[in-house]
Amino acid sequence: MNRLLLALTFSSLSVASAAAADLDGTWLRDDGNARVRIAPCGDKICATNLWIGDTSTGEAVGDKLIMSLSRQADGSFSGEAYDPKRDWSYAMTIKTAAGGLTTRGCIVGRLICRDVTWKAAQ
């Protein structure tokens, strides 16, 4: 679960484009062990590992999460993320703040969750 846990469900390309614009960029994980690029990929959003400091958990450069997102009334994004390397799906919530993101990824019917804080890379 050290993998970037991001995702959200988009009902249309225009919604995906709006979310991608808000999340688009390069992000550094709060533990210093990952640099990730979030960008549009088709009608979804992809988070791609650009650099991994500790590869002992199986994370590698080039690994992706493919996300489907929708904006919520509070301005956050919510939906699902799919990890094709592990064939896992996650429930996701992403909250944005000036220069940062907080992701919450959950598995097992939202019983097991992990929050990760990200800051914008310079």
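Reader: Which side chain does the side chain of E59 join through a polar contact?
Author: That of R29. The polar contact is 3.5 Å. Keep in mind that this is a predicted model.

Reader: Where is E59 placed?
Author: In a loop. The loop runs between β3 (44-52) and β4 (64-71).

Reader: And is E59 buried or exposed?
Author: Buried. Its relative accessibility is 3%, and buried means under 20%, so E59 counts as buried.

Reader: New topic. Which residues touch the most other members in the largest nonpolar core?
Author: L23, I38, M67, L101 and W118. That core has 19 residues.

Reader: Which strands each supply at least two residues of this core?
Author: β2 (34-41), β3, β4, β5 (77-83), β6 (88-97) and β8 (112-120) each do.

Reader: What about G99? Where does it lie?
Author: In the loop between β6 and β7 (100-107).

Reader: What is G99 in contact with, leaving aside neighbours within four places in sequence?
Author: W27, W118, K119 and A120. Take K119: G99 and K119 are 20 residues apart along the chain, and their C-alpha atoms are separated by 5.8 Å.

Reader: Last thing. What pLDDT does the protein chain average?
Author: 84. A score of at least 70 is reached by 83% of the residues.

Reader: Where is the pLDDT below 50?
Author: Over residues 1-15. In the model, this stretch has 79 contacts beyond near neighbours in sequence.

Notes. Residues numbered from 1 in each chain as written. Predicted model: local features only at pLDDT ≥ 70, side-chain atom pairs only at ≥ 80, totals over all residues. Heavy atoms only, no water. Helix = DSSP H or I, 4+ residues; strand = E, 2+ residues; numbered from the N terminus. Buried < 20%, exposed > 50% of the residue type's maximum accessible area, 1.4 Å probe, protein only. Polar contact = N/O pair within 3.5 Å; in protein donor to acceptor, adjacent residues only side chain to side chain. Core = buried A, V, L, I, M, F, W, Y, C linked by side-chain atoms within 4.5 Å. pLDDT = per-residue confidence, 0-100. Contact = heavy atoms within 4.5 Å.
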